[in-house]
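Please keep the sequence and the structure at hand while reading.

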Amino acid sequence: MITSKRLAAGVCALLAALTAGIAFPVAAVADETTANAPKVDLVLDVSGSMRAKDIDGQSRMAAAKQAFNEVLDATPEEVRLGIRTLGANYPGDDRKTGCKDTAQLYPVGPLDRTEAKTAVATLTPTGWTPIGPALLKAADDLDDGEGSKRIVLITDGEDTCAPLDPCEVAREIAAKDIGLTIDTLGLVPSTKLSRQLSCIAEATGGTYTSVEHTDELTDRVNQLVDRAADPVVTPVATQGADACAKAPTLKSGLYTDREEFGQERWYRVDVQAGQELRASVSVAADRAVNPDYGTLLRAVTVHGREIVRGEAAGIGRTDVISTGLRYPKPERDDDDSDKPAAETVCLQVTNSFSAASGVKTTPGMPLELTVDLVDGPSNASDVASFGLGRGWWLLGALILAGFLAGLVWGWLSRWRVAVWRTN
């Protein structure tokens with residue numbers, strides 16, 4: 001009997017040990033996965049000025065709430081998201097107290113969409129605009145783990161709590177070298193606000209965007225949250241030339257440069273037979289610019305013949321404008337064996353930005369260039385021709401259809417005239 005009890009106790013102990021041995025590694029793996037997950041802290045200005053009704057006929061606060069609800073619905077599962085407020089709780093006039101008014105509305109972690117939306121719905125425009133203190137606290141919210149970390153600051157006004165300069169705070173955060181990026185969005189087209197938010201973003205390699213409509217706010221925040229989930233890529237600083245012959249040769253990667261108003265920058269890429277070149281460029285207006293502008297990216301041969309182009313034009317409602325192109329180089333035929341296997345393609349980046357009155361034109365605007373060389377399509381007809389690529393097939397079909405339609409219409413017209421004369 002005693003032996004049976006001891007045996008039963010031993011089996012239970014063994015099962016308990018096995019359970020613990022299985023549980024601990026799983027917990028460890030879960031903790032490691034959480035620690036390496038991308039993290040985003042949305043920092044929202046809830047100061048009194050957010051009551052202003054100048055965004056699509058509603059208040060700035062209502063527009064922000066609507067945008068947040070859509071962002072929360074679209075947040076990827078792997079992103080650990082939190083929400084921090086500034087100026088949401090203290091309505092008084094005491095500056096010292098008002099400049100401490102920042103709180104974590106929703107902690108950074110696995111997202112419960114219903115709970116987060118409920119928390120956002122309770123917000124009412126209240127107090128001051130302590131941007132600097134809020135950024136310091138937001139950095140603490142994210143200061144753990146090895147995954148990407150991003151703060152997205154949405155505000156309609158400058159910091160009201162100097163001498164704690166938010167730009168210096170951003171530089172201090174960057175100096176910690178914790179891999180944290182701050183992106184800023186301004187809800188009011190103001191030169192002073194633009195200057196401050198641009199400085200905050202640039203200090204950590206982030207972006208500044210001016211938004212004046214709810215859908216723009218939603219789209220931009222969604223882009224930034226999605227970007228946090230992407231693998232972290234460190235851009236390489238390069239310097240384009242004023243001519244293809246003097247341009248640096250780039251490989252696949254992400255590059256940064258600066259381009260002055262109306263300037264052109266040249267880069268070279270060697271494309272092997274059977275490869276496809278995919279290139280995109282973004283130019284950020286980090287200062288006040290005139291409303292009509294665009295960016296052009298061209299791929300040309302070393303002899304100056306255009307291969308393909310991508311084009312984009314802006315209407316003054318966004319501060320980052322992008323364009324891209326694709327150029328597939330076909331495999332070599334047996335008859336081409338005497339030709340070089342690689343072709344040097346020159347990438348030309350130009351812009352039609354113009355400076356507003358009193359705006360400095362130097363240094364140039366931030367430029368981000370992505371170059372990717374991948375296996376080309378198997379169908380050689382996909383090769384771009386005079387910038388149209390496969391568009392030549394569509395153009396030919398339209399011409400033929402128009403010609404046939406003209407013949408049919410002419411025949412019908414002559415038939416109707418003949419019938420009329422007969423009658």
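Is K246 exposed or buried? K246 is exposed, with a relative accessible area of 56%. The structure discussed here is a predicted model.

## Overall make-up

The protein chain has 423 residues, and 43% of them are buried. Its secondary structure consists of nine helices and 16 strands. The accessible surface of the chain is about 22,300 Å², and carbon and sulfur atoms account for 56% of that area.

Among contacts in the chain with a separation of 6 or more, 75% are between residues 24 or more positions apart.

## Salt bridges

Side chains of opposite charge can pair when their charged atoms come close. In this model the count of salt bridges is 15. E77 is exposed, at a relative accessible area of 62%, and R113 is partly exposed, at 21% relative accessibility.

The pair R265 and D257 has its closest N and O atoms 3.4 Å apart. Here R265 is buried, with 9% relative accessibility, and D257 is buried too, with a relative accessible area of 11%. Salt bridges also link D54, R60 and D156 in a network.

## Nonpolar cores

The largest nonpolar core contains 32 residues, and the ones with the most contacts inside it are L42, L44, L81, I154, L185, L217 and V225. At least two residues of this core come from each of β1 (39–45), α2, β2, α4, β4 (149–155) and α8 (214–229). The element that gives the most is α2, with seven residues.

What does L217 touch, leaving aside its neighbours within four places in sequence? L217 is in contact with A63, A64, A67, I154, L185, L187 and V211. Of these, I154 and L185 are also listed among the core residues with the most contacts. There is also a second, separate core of 27 residues, and A279, A285, A299 and V345 are included in it.

## Helix packing

Two packed helices are described by the angle between their axes and the distance between the axes. For α2 and α4, the axes come within 10 Å and cross at roughly 170°, so α2 is roughly antiparallel to α4. On the α2 side the contact is made by K65, F68, N69, L72, D73 and A74, and on the α4 side by R113, A116, K117, V120 and A121.

A second pair is helix α6 (residues 166–175) and helix α7 (residues 191–203), whose axes come within 8 Å and cross at roughly 5°. This crossing makes α6 roughly parallel to α7. The contact is made by P166, C167, A170, R171 and A174 from α6, together with Q196, C199, I200 and A203 from α7.

## Loops and backbone details

Most residues other than glycine have a negative phi, and most peptide bonds are trans. D56 is not glycine, but its phi has a positive value, near 55°. D56 lies in the loop between β1 and α2 and is partly exposed, at 45% relative accessibility.

Where is there a cis peptide bond? A cis peptide bond joins T362 and P363, with omega at about -5°. P363 is found in the loop between β15 and β16 (365–375).

E331 is in the loop between β14 (320–328) and β15 (342–351). E331 is exposed, with 60% relative accessible area. Leaving aside neighbours within four places in sequence, E331 is in contact with A273 and G274. E331 and Q272 are 59 residues apart along the chain, and their C-alpha atoms are separated by 8.6 Å.

Key: Residues numbered from 1 in each chain as written. Predicted model: local features only at pLDDT ≥ 70, side-chain atom pairs only at ≥ 80, totals over all residues. Heavy atoms only, no water. Salt bridge = Lys/Arg side-chain N within 4 Å of Asp/Glu carboxyl O. Buried < 20%, exposed > 50% of the residue type's maximum accessible area, 1.4 Å probe, protein only. Core = buried A, V, L, I, M, F, W, Y, C linked by side-chain atoms within 4.5 Å. Helix = DSSP H or I, 4+ residues; strand = E, 2+ residues; numbered from the N terminus. Contact = heavy atoms within 4.5 Å. Areas by Shrake-Rupley, 256 points an atom, 1.4 Å probe, with all protein chains shown as cover. Axes fitted to C-alpha atoms, helices over the stretch in contact; angles between N-to-C directions. Parallel < 35°, antiparallel > 145°, perpendicular 65-115°, else oblique.
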